[in-house]
Structure formats: structure tokens, C-alpha cells
Amino acid sequence: MQPRNMSMSGVVDLAAVKAAGDAKAKAEQAREESARQGGGGAVAPSALVIDVDEAGFETDVLQRSTEVPVVIDFWAEWCEPCKQLGPLLERLAVEYNGRFLLAKVDVDANPMLMQQFGIQGIPAVFAVVAGQALPLFQGAAPESQIRETLDQLIQVGEERFGLTGIAVDPDAGTGDADGAPAEVPAGPYDAKLEAAAQALDANDFDGAVRAYRGVLADDPVNTEAKLGLAQAELLGRVAGTDPQQVRKEAAENPAAPAAQMAAADLDLVGGHVEDAFGRLVETVRRTTGDDRDAVRVRLLELFEVIGPDDPRVTAARTALARVLF
């Protein structure tokens with residue numbers, strides 16, 4: 001369901017992977033060289049998540065990307081959303097069983113890498129495939145959408161570059177003192193969040209809203225639930241509407257809050273993020289009292305869909321402050 005990608009503020013552009021033929025050839029050469037040198041053996045699940053610094057970036061990321069897609073998680077200790085996203089990505093790396101490698105980069109310790117990737121806010125997630133870098137998303141996102149992005153990344157790695165992943169030995173380095181395999185811990189709300197994501201996939205927006213609200217009732221700062229709730233509410237509002245009629249009413253009633261909010265919802269679902277934000281900022285400027293407050297609240301809800309660290313959200317917040325104050 002395409003609109004679900006809206007919370008992924010830097011959606012993967014698979015068509016933007018440049019020089020695919022050359023990169024694939026280089027990847028094949030690198031794999032052949034690794035095989036001649038005795039590399040490419042099975043690794044332990046714990047080796048699927050690595051810490052990377054500036055000194056080891058070429059070896060740990062660029063060279064490894066000729067064998068397997070490398071997902072880079074740019075994070076920092078002080079970043080609260082990072083604390084939600086990081087463990088989720090680590091769990092998925094183990095679950096995907098060698099289909100991708102997760103490289104974690106502490107931006108405070110490696111500012112040059114942050115600068116080279118043009119990162120404006122964290123958490124930020126990139127991928128390197130056969131030496132080619134591409135953005136995945138910025139800010140936290142629901143697990144279901146992260147899975148969609150990873151699936152697309154793995155697909156393009158296989159189809160364009162012949163990357164089939166790395167072999168994983170489940171018995172290597174994962175057992176306890178008695179040799180029993182260690183389990184990957186599940187988060188306290190994983191079951192509820194997965195139920196909400198399934199409801200969203202089934203277009204049961206009311207069910208998804210209830211499930212996400214259930215998580216937030218116990219954990220009001222849960223980033224994934226906040227993003228999921230904002231998205232489920234958005235899609236629920238858009239479902240069943242007549243886009244042409246909505247836009248006609250908005251054009252005929254430029255100062256009508258309800259008409260402009262409905263059109264902004266369509267803008268956002270259609271991928272026109274700046275148009276949606278600009279429409280509501282202008283409506284805030286035109287209105288007063290309860291009408292103005294209703295539009296302001298709707299704009300804040302749409303910010304949640306995209307993610308607080310997205311530069312488009314930052315710009316819209318500044319514009320909103322100008323018209324309010």
C-alpha cells in the first residue's frame with residue numbers, strides 16, 4: 001500500500017542507483033578475489049551488527065558491500081529516537097539472517113562520515129550496495145515500513161548486483177554456557193505494534209488506531225506508535241474521499257479550515273509534503289480562534305507522519321512560528 005511509505009521521509013529511490021552495470025562487475029570481481037583468498041565463510045549472528053568508524057569504513061562498509069547490502073545506522077547517545085530505532089534494526093539484522101549487514105556509526109565520534117553523507121538530523125539510515133550509497137530514511141519509522149524498505153533494498157541488491165547475502169552459522173557465537181542458542185530479546189510492545197501494522201496493511205485503519213493508542217497509553221513516548229498512529233489517522237481520513245471533490249472545495253474556499261485540511265491530507269498521501277505543509281501554514285495565517293487552533297493541530301499531526309527530524313518539517317515549523325507569532 002503505497003501511502004504507508006509517507007512516514008519514511010527518505011524513501012528508497014531504486015531507480016537512482018547509478019552505474020549499475022559497472023558496480024555489478026566490480027562486485028563480482030571483489031567476490032572472486034575474496035573467494036581466492038579464502039574469505040566468504042559463514043559468520044555468527046552477532047557479526048551481522050558491527051560498529052564502524054572513519055578508519056574502518058572502507059573495509060567494513062565499502063568492501064563488504066560487494067558481498068551483501070550494508071545498512072548504515074547513524075546515531076548518537078543523546079538521540080532519543082535512536083534508542084528506539086537502533087535495537088529494532090539490530091533485531092531485524094539477525095532476523096534477516098545475513099541478507100543485509102548493519103553498520104552502526106556514532107556521529108559524535110565520526111563527524112566526517114556524517115558530513116560526507118550530508119546528514120542533517122539523526123537517526124538517519126543509508127545503505128551501500130556494491131559501493132553505491134543511497135538514502136533509506138531519516139527519523140524513526142514503523143517496523144512494517146522498515147521491513148518494506150529492507151525488502152526493496154535486498155531485491156535490488158540481488159537483481160542488479162548479484163548480492164545474495166552472507167552465510168550465517170546459527171551455532172557460532174550465539175550459545176550460552178550450555179551451548180543453547182541465545183534468543184533475540186523482543187521489545188515490550190512488539191506484539192501490539194505488529195498487530196497494529198497488520199491492521200494497517202489490511203486497511204483496517206480504526207483497528208490500527210486502537211492498537212497504536214493502546215501502546216501509547218502505556219508508553220506515551222513510544223516513537224513507533226506515535227508515527228504509526230499519525231499515519232493510521234491520516235489514511236483513515238483519506239479513505240473513501242473523492243479527491244476531485246476535495247480539491248474543488250479547497251480551491252473554492254481558500255480560507256475554509258475543513259476544506260484545506262482535507263486537501264492537505266491528500267497532498268501528503270500523494271507525496272507532496274511541502275505542498276501539504278504550505279497549505280496548512282497559509283490557512284493558519286488566514287484564520288483565528290478555534291479554527292486556527294484546529295488547523296495548527298492538524299499540521300502538527302502531519303509532522304508526526306513525516307518525522308520530527310525531516311528538514312521539511314523543520315522548515316514548516318519555522319514558517320508556522322512566523323505566522324503564529
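Residues are classed here by relative accessible area, computed with a 1.4 Å probe on protein chains only, as buried under 20%, exposed over 50% and partly exposed in between. By this scheme Asn203, with a relative accessible area of 45%, is partly exposed. The structure is a predicted model, in which local features need pLDDT of at least 70 and side-chain atom pairs count only at pLDDT 80 or more, whereas totals for chains, interfaces and linings use all residues. Residues are numbered from 1 along each chain as its sequence is written, and side-chain values use heavy atoms, with hydrogens and water left out.

The chain contains 13 helices and five strands, where helices (H or I, at least four residues) and strands (E, at least two) are DSSP runs numbered from the N terminus. Of its 325 residues, 45% count as buried. Among contacts in the chain with a separation of 6 or more, 73% are accounted for by residues 24 or more positions apart, a contact being defined by heavy atoms within 4.5 Å.

Helix 11 (residues 273–286) packs with helix 13 (residues 311–324) at an angle of about 10 degrees, and their axes are 9 Å apart. Axes are lines fitted to C-alpha atoms, for helices over the stretch in contact, and the angles run from 0 to 180 degrees between N-to-C directions. Helix 11 and helix 13 are therefore roughly parallel to each other, the classes being roughly parallel under 35 degrees, roughly antiparallel over 145, roughly perpendicular from 65 to 115 and oblique for the rest. On the side of helix 11 the contact is made by Val273, Glu274, Phe277, Val281, Val284 and Arg285, and on the side of helix 13 by Arg312, Val313, Ala316, Ala319, Leu320, Val323 and Leu324. These residues divide into 10 nonpolar, no polar and three charged, with Ala, Val, Leu, Ile, Met, Phe, Trp, Tyr, Cys and Pro counted as nonpolar, Asp, Glu, Lys and Arg as charged, and the others, Gly among them, as polar.

Gln260 lies in helix 10 (residues 257–269) and counts as buried, at 3% relative accessibility. Its side chain is joined to that of Arg279 by a polar contact of 2.8 Å; such a contact is a pair of N or O atoms within 3.5 Å, and within protein one atom must be able to donate a hydrogen and the other to accept it, while residues adjacent in sequence count only if both atoms are side-chain atoms. When residues up to four places away in sequence are not counted, Gln260 touches Ala250, Asn253, Pro254, Arg279, Leu280 and Thr283.

Six aromatic pairs are found in a search of the whole structure, rings of Phe, Tyr and Trp (its six-membered ring) being paired if their centres lie within 6.5 Å and classed as stacked for planes under 30 degrees apart, edge-to-face over 60 and tilted for the rest. One of them is the tilted pair of Phe74 and Phe117, at 5.2 Å centre to centre and with 55 degrees between the planes. This pair links distant parts of the chain, 43 residues apart, with Phe74 in strand 2 (residues 70–75) and Phe117 in the loop between helix 4 (111–116) and strand 4 (124–129). Both Phe74 and Phe117 are buried, and together with Phe57 and Phe126 they form one aromatic cluster.

Tyr96 and Phe100 form an edge-to-face pair, at 5.6 Å centre to centre and with 65 degrees between the planes. Tyr96 is buried with a relative accessible area of 12%, and Phe100 is likewise buried, with a value of 0%. Tyr96 is also in contact with Ile154, as is Arg99, leaving aside the neighbours of Ile154 within four places in sequence. Ile154 lies in helix 5 (residues 143–161) and counts as buried at 6% relative accessibility; its C-alpha atom is separated by 6.8 Å from that of Arg99, 55 residues apart along the chain.

Several loop positions show particular backbone geometry. The peptide bond from Ile122 to Pro123 is cis, with omega near 0 degrees, and Pro123 lies in the loop between helix 4 and strand 4. Ala130, in the loop between strand 4 and strand 5 (132–138), has a positive phi of about 50 degrees although it is not a glycine, and is buried with a relative accessible area of 8%. Asn203, in the loop between helix 6 (190–201) and helix 7, has a positive phi near 65 degrees and is also a residue other than glycine.
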